[in-house]
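The sequence and the model come first, and the description follows.

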Amino acid sequence: MTKRSLAKAAIWASVAALALGAAAMADDDKKKSVNEQYLEDLRQGKVHIEGDHAAVTELILNRNIPIPYSYIAQLMASPNAFGDGPACIVCHSSADPTVSYRGLDLSTCDGIKAGSTETPARAIFIAGEDPKREILGRRMRNNRMPLGVGFNVDHGTDAIKAVEAWITAGAANDDNFRNNILPLFNTENVFGEDTPACAECHMSNEEPPSFHELDMTSYEGIMLGADSVAKGVDHATKVIIPGHPELSGVFQHLTEDRMPPGIDPSEDRDHPNTQILFAWVKQGAQCR
Ligand code: HEC
Ligand code: HEC
């Protein structure tokens, strides 16, 4: 194409776009197409193209485009879909716990929605709700602590059991806590060979240097929780729920391996495909 015909084409394109806009405005009852809405937002400077994942954020997530189950099926069956590692369905392929970890069948839509069939049998998310803090969200986003600990480290060591029992008993600031629990968080190699102490990375309410503004050096710090500066003291993320280890971030982070097992902790926790999977759940986990 010559320069002139290019310019002409551009003019025609903008005339066509204007006509589309006018047609859309003339008919208030008619719902705008996603493309019309997108072009309008683009013209009005409402589209924020920031970062590597802008296409996913701006074109899919922010516009609540329905995610088809066929895409989810493909994610579950693809290696490296959420960062380096084998496909989910290699290890979670059936509801039979003798051949599939946790009896979790990620190879069918009904299986994903049913969750784990082995005791404790449980769903891994609530359809229609944000799965970030549910089992699925935690397994996709949370690295097991101390950061870098392998999936091959036992989930039921004496140290982990002691933390669990302390939370179950009410997480009091008592002699047991001071003598037996607090030192676990402040000593290296307690929760795995060659692992740093929790307090090496979580030592104050300031980030940096303390990850998530989590202070594990004192009772007050641990009970205050994470992100107390960023979110405000009243909205800090509690990491200990007295009486409930299964709901406590500290216990969850000690026992839950990020999926797929062996994934490098530096892999993006908000991988575009993780966000698309979460969007599908939020949209109701439709099997169409
Ligand atoms: C190499 C095998 C393997 C692969 C691949 C794998 N998992 Fe797992 N998964 C496991 C094992 C083993 C467990 C149970 C042990 C544990 O808790 O860490 C588990 C546990 C889980 C749980 C916890 C279920 C519950 O009831 O608590 C979820 C959710 C999960 N996996 C999802 C996934 C997803 C999603 C993928 C793909 C990104 C995936 N897994 C890939 C082996 C695997
Ligand atoms: C080498 C640094 C490092 C060490 C050591 C470490 N963490 Fe973390 N921790 C992190 C990072 C980074 C995150 C951010 C989330 C992630 O990667 O999953 C985090 C997040 C957390 C969170 C989630 C906070 C929130 O916002 O909900 C908890 C709880 C936690 N760590 C507990 C522990 C415990 C308990 C230990 C010791 C067993 C420990 N950490 C050791 C780096 C570390």
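How many residues surround ligand 2, and which are the closest?

## The shell around ligand 2

The model described here is predicted. In it, ligand 2 is surrounded by 23 residues. The closest are Asn143, Met145, Cys198, Cys201 and Ala226.

Two helices each supply at least two residues of this shell: helix 10 (198-201) and helix 12 (249-255). The largest share comes from helix 12, with four residues. Sorted by class, the shell around ligand 2 consists of 14 nonpolar, seven polar and two charged residues.

## The shell around ligand 1

Ligand 1 has 20 residues around it. Cys88, Cys91, Ser116, Met259 and Pro260 are the closest. Helix 5 (88-91) and helix 7 each supply at least two residues of the shell. By class, the shell around ligand 1 has 14 nonpolar residues, two polar ones and four charged ones.

Isoleucine 89 is found in helix 5. With 19 other C-beta atoms within 10 Å, isoleucine 89 is partly exposed, because a residue counts as buried at 20 or more and as exposed at 12 or fewer. Leaving aside residues up to four places away in sequence, isoleucine 89 touches Met76, Ala77, Leu106 and Ser107. Isoleucine 89 and threonine 108 are 19 residues apart along the chain, and their C-alpha atoms are separated by 9.4 Å.

## The chain as a whole

The protein chain has 13 helices and zero strands.

Of the 288 residues in the protein chain, 24% are buried. Among contacts between residues at least 6 apart in sequence, 47% join residues at least 24 apart.

## Helix 13

Which residues of helix 13 are buried? In this helix, which covers residues 272-282, they are Thr274, Leu277, Phe278, Trp280 and Val281. Seen down the axis of helix 13, these buried residues fall within an arc of 155°, so they line one face of the helix.

The buried residues of helix 13 pack against helix 4 (69-77) and helix 7 (135-141). Just after helix 13 comes glycine 284, with a positive phi of about 110°.

## Glycine 249

Glycine 249 has its place in helix 12, the helix that gives four residues to the shell around ligand 2. Is glycine 249 buried or exposed? Glycine 249 is buried, because 20 other C-beta atoms lie within 10 Å.

Not counting residues up to four places away in sequence, glycine 249 touches Thr237 and Val239. Glycine 249 and glycine 225 are 24 residues apart in sequence, and the C-alpha to C-alpha distance between them is 9.2 Å.

## Cis peptide bonds

The peptide bond from methionine 145 to proline 146 is cis, with omega near -5°. Proline 146 is found in the loop between helix 7 and helix 8 (158-168).

Glutamate 207 and proline 208 are joined by a cis peptide bond with omega of about -15°. Proline 208 lies in the loop between helix 10 and helix 11 (219-224).

Arginine 102 is a residue other than glycine with a positive phi, near 65°. The place of arginine 102 is the loop between helix 5 and helix 6 (109-114). Arginine 102 counts as partly exposed, because it has 19 C-beta neighbours inside 10 Å.

Asparagine 189 is not a glycine either, yet its phi is positive, at about 60°. Asparagine 189 is found in the loop between helix 9 (175-185) and helix 10. How many C-beta neighbours does asparagine 189 have inside 10 Å? There are 11, so asparagine 189 counts as exposed.

Technical notes. Residues are numbered from 1 along each chain as its sequence is written. Chains are lettered from A and ligands numbered from 1 in the order in which they are written. This is a predicted model: local features need pLDDT of at least 70, side-chain atom pairs count only at pLDDT 80 or more; totals for chains, interfaces and linings use all residues. A residue is near a molecule or strand if its C-beta atom, placed from the backbone, lies within 6 Å of it. Ala, Val, Leu, Ile, Met, Phe, Trp, Tyr, Cys and Pro count as nonpolar, Asp, Glu, Lys and Arg as charged, and the others, Gly among them, as polar. Two residues are in contact if their C-beta atoms, placed from the backbone, lie within 7 Å. The arc is that of the directions from the helix axis to the C-beta atoms.
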